[in-house]
Amino acid sequence: MPVHDTPALLYCTVNGITNCTNGIGRQAKTLLAVLEHHYPRLATAVGDFTPYLAVPQPGPATWNNDPADLAYARSVVEPLGGQVIPLIHDTHSPLWRPETFEHLSTAAATAASDLARTHPRVIVVAVDTPFAGVPAAAAGDERVETVLALFSTTRITERPTPDPGRLAWEQRAITAVNALPHAWVADIGTFLARHLTQEYGLDPGRLVPWPSGLHLPAADLQPMPTPQTAEALARFSIPTSRPIIASIGRTDPTKGLDLLIDAIGASPLLRDRAHLAAIAVPTDDERATLLGTYRSRCRELGLSATIVGAFDRDLPRALASWPGTHVMACPSRGETLANTVFETALWARDAGPVVLAPGRDGFTEQITDGHNGLLYHPTKPGALTAGLHRALSLTDAEHARMRAAAYHRVVGERDATAHLAALLGRFARPGGGHAAKLTDHPSPDARPPRSQAPHHTPETTEATA
């Protein structure tokens, strides 16, 4: 194997490389876009580095695989000297269980150790619960620095009864990080950092800043032109004659679509006046049956509703760009930092909805009530219904003011390129001691085109067991 004089960045994730089905996947796509469009600026700020991606070997256990996604990932990292490293696991066994997490974490640590033989340093970003065991598994190599980037925990997503096995897995991971000199936890936001320190005993000194961010200039984060928006809504038979209440999620009780449906059904005014346009992407397990439950409940309550049970990247953008969409509802029972809040702020800057969310978890750091969105009491009876009434009662001026505030806040705080430069600057240059700064950052208004994933079947690569 060739010897490199650059540090390696090893990004380990279960989503966003061979598929893209959730917020973790969007984070991986954001990383790829940042590397594709801004690597020279990053290298100027932190020095040259070689990016690698580690992902579970695709199979029945990984959801919604698309060869074009993998081809796109390779087209980004291979010209920079890196590669996609598939991690061997039992592709016929469930992915989301601690036994699989252990295997993936060990395989990722092995990949990091292999890279450390050819690079002077390896910076591992281990994304979310499946890779929470990487810091402990990689502890034997001083050339490997590991950043555990949890985007949520089972205590948040499985309230009130978290799975004991996953809970124990997460606790072991945090306990290990506290004791390891080369292991860290990404500080993606205030709520999660506080949650990890209070609920899992994380040493605050192990936190390194890496806020959740977006590739702000991306073409698919710009408002959709109204004619194109109307075509997208018509494609899904979403009527535009009524004010639209929109919602985006998957068939997961955590996302709370059932709460939203019942909240609309509790108000004769909302039932008669508004149309619910909800995206509920079926999961790859028993939760997929919730799609039928949501549709049946809408019929029982007599709602005007369209429940879309398929992933379509254009539809969320269309709903958030449409002038007749008054509110983007996020009725989640637990959420660390919702991508929908950030993305809606960009899509709706010219027209479209304000975000309505419960005043819990990360929503309270994303939204200041009445300034850049609306919050409602998460446990008070009738609060969600009242919040929907409030959103639909806003004047045009109030609506425009909140949308503008939301947009400027996201642009000011969620630049993924600057965040990556700061993270790499913490590790890539020994003794640097300060966050790297980027210069000449392009304005999101520049709207450069985002390259698309090539649509061909990629070659097989060597896998790490």
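Two strands pair if DSSP finds at least two bridges between them. Helices (H or I, at least four residues) and strands (E, at least two) are DSSP runs, numbered from the N terminus. With those two ideas in hand, let's walk through the structure.

## About the model

This is a predicted model, in which local features need pLDDT of at least 70 and side-chain atom pairs count only at pLDDT 80 or more, while totals for chains, interfaces and linings use all residues. Residues are numbered from 1 along each chain as its sequence is written, and side-chain values use heavy atoms, with hydrogens and water left out.

As a general point, strands of a sheet pair through backbone hydrogen bonds, either parallel or antiparallel.

## Strand 9 and its neighbours

Strand 9 and strand 10 pair in the parallel sense over 4 bridges, and A278 stands opposite I307 in strand 10. Strand 8 (residues 244-250) also pairs with strand 9 in the parallel sense, over 7 bridges. Across that pairing, S247 stands opposite A278 and I248 stands opposite I279.

How many of the 7 residues of strand 9 are buried? The count is 7 of 7, where buried means under 20% relative accessible area, exposed means over 50%, and partly exposed is in between (1.4 Å probe, protein chains only). H275, A277, I279 and V281 point one way from the strand, while L276, A278 and A280 point the other way.

## Strand 8 and strand 11

Strand 8 is mostly covered too, with 5 of its 7 residues buried. Strand 8 and strand 11 (residues 325-329) pair in the parallel sense over 3 bridges. A246 stands opposite M328 in strand 11, and the bridge partner of I245 there is V327.

T325 lies in strand 11. T325 is buried, with a relative accessible area of 0%. Not counting residues up to four places away in sequence, T325 touches I244, A246, L319, G352, P353 and H399; contact means heavy atoms within 4.5 Å.

Helix 8 (residues 226-235) and helix 12 (residues 314-321) pack at an angle of about 120 degrees, and their axes are 9 Å apart. That makes helix 8 oblique to helix 12; angles under 35 degrees count as roughly parallel, over 145 as roughly antiparallel, 65 to 115 as roughly perpendicular and the rest as oblique.

Which residues meet here? T229, A232, L233 and R235 in helix 8 meet D314, L315, A318, L319 and S321 in helix 12. By class, this contact has 5 nonpolar, 2 polar and 2 charged residues. Ala, Val, Leu, Ile, Met, Phe, Trp, Tyr, Cys and Pro count as nonpolar, Asp, Glu, Lys and Arg as charged, and the others, Gly among them, as polar.

Notes: Axes fitted to C-alpha atoms, helices over the stretch in contact; angles between N-to-C directions.
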